[in-house]
Each structure stands twice: as C-alpha cells, then as structure tokens.
Amino acid sequence: MKNIVVFASGSGSNFQSIIDAVESGNLSARITGLISNKPGTKALDRASSHNIPWVILSENDFGSYEEYSEILLAQLLEWDAQLLVLAGFLRKIPSNVIGAYQNRILNIHPSLLPKYGGKGFYGINVHRAVIKAGDVETGCTIHIVSENYDEGPILDQAKIPVLADDTPEKLAARVLQKEHILYPKVISDYLKTLD
Ligand code: GRF
C-alpha cells in the first residue's frame, strides 16, 4: 500500500473525500500526513478527527525560501510520501519538491483546463469567468504538477453543463460535487501505475 501526503489550505472538502475513500476501502492508500500553510483551517480539523498527522508550513515563518523548501522536503521524507496530492493548496510547490517528486504530484482545478488556469484563476474567480464568457459547460481537471501553474499533463476531467440561472456560487458547488467523486478515483488509478 502506498503513502500519500495531502496539501490543503482551506476547507478541505476534497481532502475529506480522499479520507472517506480510504476509510471505505475504495482507495487503497495510507494518508501519512497533511500539509497546510495556514492555522485554523477546517482541513486541519478534518486531519485531527481522523488521526492524520499534520503540520503548518508557511514560507513566511522561515528565514528564507530555501530553508522553507528544505524543511518541507524533509517532512515529506519523514512521512515517506510516495504521492503528493494537492487539494486546494494556494501556494506554489517549491522546485526542489517538484524535482524530488517528478510525476508524483497531482492537483485538482475547478475548470476544464487549459481554460481558466494559471495566475488569478482560483476559487470563485474561475466560475465568474466561465459565466462571463457564456460557456455552456465547465467542470474540473486533475493533472500532474509541473513547474508552471495548472500546466502539467491532464489525467482526467469531469464536465457539467452551465445552466441559465447559474451564479458563480451555484456553479462552484456543483463542480465541487464532481471533484469529490473524480479525485479519489483518479488517485486510486494513478497509484496503480506507480512503482
Ligand atoms: C477546489 O475547488 C479545488 O478544485 C481547488 O481548490 C478548491 C478546494 O476546495 N484547487 P476544498 O478545500 O477541497 O473544499
């Protein structure tokens, strides 16, 4: 069984869907830790209630970015991570970590990439842009993380229609429901391809 470490900055509803999949036996993996960059987030509460170790690591708390990235990498080694799963982590992953975990970092994004990815496209901004553009469908994407934001190879997507009376909030909620189904499944399939 492989070890995964999840990164989450916020509510962690995707983190919860991964926990649920592990606990129900649908995802054969151990979650050996959660990394967050902010204290007081719901993701941390979720980790605590499921006895998952967590740490808060923020570059602002270190003397330099190098020091932060070294401590982060050391933590991942300590947790013996074989796959890193970004689930609403609002910080760039340092390049030493990307180098050490080539093709072993996954991210979920709430749009049909390559549309609405990259700088500025996070959270509700993504769904606002979809509605403003008059798109008839949207969805979520799971991709491998590379050096550039939202640009690594796409593993899977789920689509939903944009309805006439949709607001960014309604759309966000429906996309999130799809995320919760898609992410555990893609993680499970992807783990099977790893040595
Ligand atoms: C999700 O919409 C995900 O696609 C994006 O950040 C959001 C995280 O939501 N990367 P949650 O914290 O899992 O509820």
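**The shell around the ligand**

By class, the shell around the ligand in this predicted model comprises three nonpolar residues, six polar residues and one charged residue. To display this shell, select Ser11, Gly12, Ser13, Asn14, Gly88, Ile108, His109, Pro110, Leu176 and Glu179.

At Gly12, a backbone N or O atom lies 2.8 Å from an oxygen atom of the ligand. At Ser13, it is a polar side-chain atom that lies 2.5 Å from an oxygen atom of the ligand. At Ile108, a polar backbone atom is 2.8 Å from a nitrogen atom of the ligand. How much of the ligand does the protein bury? Taken alone, the ligand exposes 360 Å², and the protein buries 80% of that.

Now colour the secondary structure. Helix H1 (13-23), strand E5 (105-109) and helix H6 (168-193) are the elements that give two or more residues to the shell around the ligand.

**The largest pocket**

Switch to a surface view. Where does the ligand sit? Its place is in the largest pocket, whose volume is about 900 Å³. This pocket is lined by 37 residues, of which Gly88, Phe89, Leu90, Ile108 and Tyr122 are the closest to its centre. Two or more lining residues come from each of H1, E5, helix H5 (124-133) and H6.

**Two backbone stops**

Most residues other than glycine have a negative phi, and most peptide bonds are trans. The last two selections depart from these patterns.

Select Leu113 and Pro114, which are joined by a cis peptide bond with omega of about 15°. Pro114 is placed in the loop between E5 and H5.

Finally, select Asn103, in the loop between helix H4 (95-100) and E5. Although Asn103 is not a glycine, its phi is positive, at about 60°.

Technical notes
Residues numbered from 1 in each chain as written. Predicted model: local features only at pLDDT ≥ 70, side-chain atom pairs only at ≥ 80, totals over all residues. Heavy atoms only, no water. Near = heavy atom within 4 Å. Polar contact = N/O pair within 3.5 Å; in protein donor to acceptor, adjacent residues only side chain to side chain. Areas by Shrake-Rupley, 256 points an atom, 1.4 Å probe, with all protein chains shown as cover. 1 Å grid on protein atoms, 1.4 Å probe; cavity = no way out; pocket = protein on both sides within 12 Å on 5 of 7 lines; lining within 4 Å. Sits in = over half its atoms within 2 Å of the grid points. Helix = DSSP H or I, 4+ residues; strand = E, 2+ residues; numbered from the N terminus. Nonpolar A, V, L, I, M, F, W, Y, C, P; charged D, E, K, R; others polar. Points joined across faces, edges and corners; volume = space filled by probe spheres on them.
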